[in-house]
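Biologist: I am new to this one. Please show me the model, and let me ask how you know what you say.

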Amino acid sequence: MVSTRIHAPRREEPLVVAYGLGVDLTAMLVEFARRKIRPDLILFADTGGEKPETYQYLDVIQPYLRDVGFPPVIVVRYQPKWAVYDTLEDQCLHTGTLPSLAYGGKSCSIKYKRHPQDKYVSTWEPAQRCWAAGGKVLKAIGFDAGPADMRRHRYVEDDRFRYWYPLVDWGHDRPRCQQIIEQAGLPVPMKSACFYCPASKKPEIVWLQEHHPDLLERALQIERNAQEGLLTIKGLGRSYSWEGFLKRRDEFPLLDGCSG
Ligand code: SF4
């Protein structure tokens, strides 16, 4: 197994946070402030499909970052060269497909999250200076130390980046992350993800229906639009369609909703 353990950033390497506006990364920033680890750059890659609550959290975190002396969140987006769409939702509608995660791929997050961030960093002066001197940029990844995140794919060091998993190093799981945020006097953000994300759990789909019926309708539109081309999967839920599930939702036990 590849070791991902890095205990602290080296002074000469710029520290970049790929911030998703969710629980883990918010807790990581709070812990950075407490441990006096100052990130040099905080990026949020906007797919265009986050839920309103997630966008609204920018109004919470930006003043906090200013108060602790951190740089503000910079929002980056996919910039098409030729494509007629610039959001994942429009791409799905234009191509008659679902987000790649529904087919078992990862290209939706690579294209709309990772690449825009890497592109920004590649033109960012401190990174260019670091690379010119033969160094690497340190990217902090917000996986927590809970069993689900511990199973996730880990990036290994490459030519330009080292990757650091601080929450894993510190042993902070999701409940601890929530506690860290509350102790800092901040509201706990909800789980960040596209409102049509195929990884959504059934209670989250129901939550979307109850809180944002307009967004649910747009998600169902993506699903309907892709239906003709679906061979091995049934819809956004992969083994089931969201629309079919919602029609039969009385058969499923409901939870209170998605608290992230
Ligand atoms: S949140 Fe889901 S749909 Fe959106 S980019 Fe990530 S994996 Fe794809």
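Modeller: Helix α5 (residues 107–122) gives the most to the shell around the ligand, with 3 residues. A helix here is a DSSP run of H or I, at least four residues, numbered from the N terminus. This is a predicted model, where local features need pLDDT of at least 70, side-chain atom pairs count only at pLDDT 80 or more, and totals for chains, interfaces and linings use all residues. Residues are numbered from 1 along each chain, and side-chain values use heavy atoms, without hydrogens and water.

Biologist: Which residues are around the ligand?

Modeller: Leu88, Pro99, Leu101, Cys108, Ser109, Lys113, Ala193, Cys194, Cys197 and Pro198.

Biologist: Why is Glu223 called buried?

Modeller: Its relative accessibility is 1%. Buried means under 20% relative accessible area (1.4 Å probe, protein chains only), with exposed over 50% and partly exposed in between. Therefore Glu223 counts as buried.

Biologist: What does the side chain of Glu223 reach?

Modeller: The backbone nitrogen of Glu243, at 3.1 Å. A polar contact is a pair of N or O atoms within 3.5 Å; within protein, one must be able to donate a hydrogen and the other to accept it, and residues adjacent in sequence count only if both atoms are side-chain atoms.

Biologist: How many residues of domain 1 are in contact with domain 2?

Modeller: 14 residues of domain 1 touch 15 of domain 2, contact meaning heavy atoms within 4.5 Å. The assignment gives domain 1 as 15–183 and domain 2 as 202–251; such bounds come from an automatic or database domain assignment.

Methods: Near = heavy atom within 4 Å. Helix = DSSP H or I, 4+ residues; strand = E, 2+ residues; numbered from the N terminus.
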